[in-house]
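This briefing covers a predicted model of a protein. The points below are grouped by topic.

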Amino acid sequence: PTPEYYQKLKESIAFITQHSKMQGKKPSTPMATVQKLAREAARSKKRRVKNIGDHICHDCGSTQSPEWRKGPTGAKTLCNACGLRYAKKLKQSEGGTKALKAE
């Protein structure tokens, strides 16, 4: 985590503590609050999904992928599987070219 992450976490804790005091509720301990926020942040990262249509694989047409990769037409144009296939094919073609040049 970056320093900005910790700063936002501290600000969130301060907000939650202040808000719970205004509601007349007893604020939870700071460590419990931090742990709760960390769990929520981890869950939200896992569930974070791009809107359908944000990315479409130029090879297979898929709209969902855990990672979008660079393709022949630019960054984030291939789904994970097609991007790995493309990178492997590119690496093999470069390797063959280098072998010919060395001879």
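Cys57 touches Ser62, Trp68, Thr77, Leu78, Cys79 and Cys82, leaving aside residues up to four places away in sequence.

**Core and burial**
- Cys57 belongs to the largest nonpolar core, which has 5 residues.
- In soluble globular proteins, nonpolar side chains tend to be buried together.
- Of the 103 residues in the protein, 14% are buried.

**Fold and surface**
- The protein has 3 helices and 2 strands.
- Read from the N terminus, the order of these elements is α-α-β-β-α.
- Among contacts with a separation of 6 or more, 13% join residues 24 or more positions apart.

**Backbone at Lys76**
- Lys76 lies in strand S2, which spans residues 74-78.
- Lys76 is not a glycine, yet its phi is positive, at about 55°.
- Most residues other than glycine have a negative phi.

**Aromatic pair**
- The model contains 1 aromatic pair.
- The pair is formed by Tyr5 and Tyr6, whose ring centres are 5.5 Å apart.
- Their planes stand at 75°, which is over the cut-off of 60 degrees, so the pair counts as edge-to-face.
- Tyr5 is partly exposed, because its relative accessibility of 33% falls between the limits of 20% and 50%.
- Tyr6 is also partly exposed, with a relative accessible area of 45%.

Technical notes
Residues numbered from 1 in each chain as written. Predicted model: local features only at pLDDT ≥ 70, side-chain atom pairs only at ≥ 80, totals over all residues. Heavy atoms only, no water. Core = buried A, V, L, I, M, F, W, Y, C linked by side-chain atoms within 4.5 Å. Buried < 20%, exposed > 50% of the residue type's maximum accessible area, 1.4 Å probe, protein only. Contact = heavy atoms within 4.5 Å. Helix = DSSP H or I, 4+ residues; strand = E, 2+ residues; numbered from the N terminus. Phe/Tyr/Trp six-rings, centres within 6.5 Å; stacked < 30°, edge-to-face > 60°.
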